[in-house]
Amino acid sequence: MLLKLIAPLDGWCAALDEVPDGVFAGRMLGDGLAIDPTSGIVLAPCDGEIITLPDSGHAVTLRSPQGIDVLIHIGIDTVQLEGRGFSVKVKPGDRVESGAELIRFDLDTVARGAKSLVTPVVVTSEGVTLQNRHAAGLVKAGDLLFEVLGMPSMSQRPTDTSDTGNEAAGTGTKAVAGELERVLVISLRQGLHARPAALLARRAKGLEAQVTLAAHGRTADARSIVAIMALGVRRGDEVTLRAHGNEAAQAVAEMIAGIEEAQRMESAHAPAPAPEMRRVRSAPRDGELPGTCAAPGFAVGRATRIERREIETAEQGSGVGHEQDELNRARSNVRIRLERVRRSGDAARQDIIAAHLEFLDDPTLNEAAQQHLAAGKSAGYAWRHATRASIAALEALDDSRLRERADDLLDVEAHLLLALAGEARPMHLPLPESAVLLADDLLPSELTALDRRRLAAIALSGGGPTSHVAILAAAMEIPMLIAVGPALRDIPDGRMLIVDADKGTLHIAPSAEMLAKANSLVEQRAAQSAALRLAATRECRSLDGARIEVFANLGRVTDAVAAVANGAEGCGLLRTEFLFIDRETAPSEDEQAESYQSIANALAGRPLILRMMDVGGDKPLRYMPLPQEENPALGLRGVRTALLHSDLMRSQLRAALRIRPAGVMRLLIPMVTDVSEILAVRRAIDEIKGELKLEGRIALGAMIETPAAALTAAALLREVDFLSIGSNDLTQYTLAMDRGHAQLARRTDALHPAVLQLIAAAANAAKAAGKLVAVCGGVAADSTAVPILLGLGVSELSVVPAVIPALKRQIGGLRIDDCRELAKRCLLLSSAAEVRDLVEQTIANLGEAS
Ligand code: PEP
Ligand code: MG
């Protein structure tokens, strides 16, 4: 059997390898050709029936009378346009003739909103071969594109015979949806753990298709995080992906894209921020129990236990309808409450609450609960048994990370059962002074309900070092030991204990002498850190009185408060692209204005240097698709991307210009290479000032992240008010070493004399222009680099908030003249290693001389 397919579009014909999307280029959906369109009219490539045509109008699947399915996917990542620019001419179930018009789209609108316009035309049926393919080059709609030979195999035949109400002529079949199946090998380091599961579930929820993942003899609904995690998929495992329904092909593409997204996130981020752990325990001595450090620190206190109230649930319900209403009411109360806690919490707490909210809406949990309700059980019984079944599935897995998520499920269960009883989880649990909390396990919400000031430490007989409660304890700076074992249960309440989380030991019978020593150590450490923090609240000056500003780099609204508490004198770099990184759609001007204002409020009048969105390269954003690039680090990023997406840039600038009080905000332009970029941003600012009827000059700064910007700093300074050196990028572009390259990590050192010479060039230009030069890249937090930077003329350092107290103390001990001398010598050296040696020697000599 032979089927001739005509080109559905005018354009440039190319092999699928040219499609900037691994799913199509890898032929995961089938074989075909791609067309880079020059017109916006899509024609039917053969006679057939429309099988799928989503509301977004960006893709259509047609089934030929022989049962061969052909997918035309207009552009890449066009689903997120949500129909903008597309107008559909047919609907699922329609029968069309070859050459009939199916969809029209506006080339300009789609080109601006999509990653690429290249349109794959793919035969998704298996068991067929393609021949007589159109050669690469110009193709006209109606020309022969390729021929399909053979009969589609049964596995690709429709499996869903549900009636859509449309008789399909010619075939005698109904309009049906198909089933697609793909086998994937998971290469994620930690397999399908919580984060990839959440990414897949989020994508699956928006699709008109049933999607399942199967592995190890288990099958999971792809909308359920709990079910995906319970598959226990590890790196290297095979997973069978099945999609069934109207958008089956898109669903497969979405799932593969989800896994790719998880992979990108995995390589973009360091491994999960597990608190400092010491799995190697020191050998326990008499009177000591060994444990594992989940949050570092040292504390003395009294053994304390909190009572966990067992919440009773009746098994039998009072009618299915009533119990269903009760469950819905409880879920919505818990959701409102958790949302409120999330909004007011710090970064660590926000992430944990977000995970809890996902569990509350998890389809597998909810479906299991529904089954219990249908069997006449009460809402509480239904939720508890659904939760416990999911926990049993997670606990059966040989994967400690997944088993740790059981605590989160129990936490949500406790919230929900209390809500059913008309109560809320207590926000505050009473504690005696200096409590060392002992428990078998602890839920995140139990920890956050405890009075931090009275809680000295935590010791658990069980627990996992990457559990959410451990991450919270580390964020709250509470020493925490886990896995101490059942002997913990024998410790009587009120007994004095010494918790040395750093060493992984719990002293359960300390002598009076040991207690006295431990108490004085606790006091000493507290005094040291208080002194450091107090000193950090003062203005920072060098030993010889030079004013050096120490600012904080911020990426979240909640970090601003911690930064000020640590002594930040302002924000030297607000990475605005991080504020909305998890979003599928661009934030509105109002949303941005609200976030910026909260940060400005937390800074209480201190300067806020707001960097325009730095998107592209190592920082992709889902809502701003960029074309596939051969070398993204050298492609569209920073201000280049902003100028290309001028609507998004203008909405950000408008939000930034609304920050009050006027004058606290200074705008920083990322990835500058020449003055034209600054002038373009300045023009946009001037227009917006006119629109918003604003007076006054907006201070503008250029980031020095490219050698070009460093070497032409004098020209840039004619248009900007200050420079800020982004040493992370400046180093990668100077040394031609990817900043994220693991094998080159030790050599990607900003203290390479070439990088120092570029910093010196920029600093000299700033001095000549009488303007400020700051450093906001990672090198500002490197204590070896600090004297060199000050010696080169840098007068503002912006670093992660936690480093501020120590950095201010270091600056307070430096003389700028010594720094100048040191910097001069460093510029003459030939490697970063030599620079580091020289600084260390000089510091040692200074130490000896003093
Ligand atoms: C830098 O490049 O040093 C910098 C501060 O910007 P980012 O790390 O956000 O690219
Ligand atoms: Mg940078």
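The buried residues of helix 22 are covered by elements that include strand 31 (700–704), helix 20 (707–711), strand 32 and helix 23. Helices (H or I, at least four residues) and strands (E, at least two) are DSSP runs numbered from the N terminus, and buried means under 20% relative accessible area, exposed over 50%, and partly exposed in between, with a 1.4 Å probe and protein chains only. This is a predicted model, in which local features need pLDDT of at least 70 and side-chain atom pairs count only at pLDDT 80 or more, while totals for chains, interfaces and linings use all residues. Residues are numbered from 1 along each chain as its sequence is written, chains are lettered from A and ligands numbered from 1 in the order in which they are written, and side-chain values use heavy atoms, with hydrogens and water left out.

Helix 22 spans residues 727–735, and seven of its nine residues are buried. These are Ser727, Asp729, Leu730, Thr731, Gln732, Tyr733 and Leu735. Ala736 follows the helix and has a positive phi, near 55°.

In the side chain of Arg611, an N or O atom is 2.8 Å from an oxygen atom of the ligand. Glu705 places a polar side-chain atom 3.1 Å from an oxygen atom of ligand 1.

Eight strands close in the order 27-28-29-30-31-32-33-34, with parallel pairing; two strands pair if DSSP finds at least two bridges between them. From one strand to the next the twist averages 25°, where axes are lines fitted to C-alpha atoms, for helices over the stretch in contact, and angles run from 0 to 180 degrees between N-to-C directions. Four bridges in the parallel sense link strand 32 (residues 722–725) with strand 33 (residues 772–775), and Leu723 stands opposite Val773 in strand 33. Helix 16 (residues 589–603) packs on the sheet, where it touches strand 27 (549–554), strand 28 (571–575) and strand 29 (608–611), and its direction makes about 155° with that of strand 29. Contact here means heavy atoms within 4.5 Å.

Neighbours within four places in sequence aside, Ile788 is in contact with Leu751, Leu756, Leu822, Ala823, Cys826, Val835 and Val839.

Strand 23 (residues 455–460) is largely enclosed by the rest of the structure, because six of its six residues are buried. Strand 22 (residues 435–439) runs parallel to strand 23 and is joined to it by five bridges, with Val436 and Ala457 as bridge partners. Strand 24 (residues 480–482) is also parallel to strand 23, with two bridges; here Ile458 has Met480 as its partner.

An antiparallel case is the open sheet of three strands in the order 4-10-8. Its edge strands, each pairing on one side only, are strand 4 (41–43) and strand 8 (86–88). Strand 8 and strand 10 (residues 101–105) are joined by three bridges, and Ser87 has Arg104 as its bridge partner in strand 10.

Ala396 lies in the loop between helix 9 (379–395) and helix 10 (400–420). Its relative accessible area is 65%, so Ala396 counts as exposed.

Methods. A polar contact is a pair of N or O atoms within 3.5 Å; within protein, one must be able to donate a hydrogen and the other to accept it, and residues adjacent in sequence count only if both atoms are side-chain atoms.
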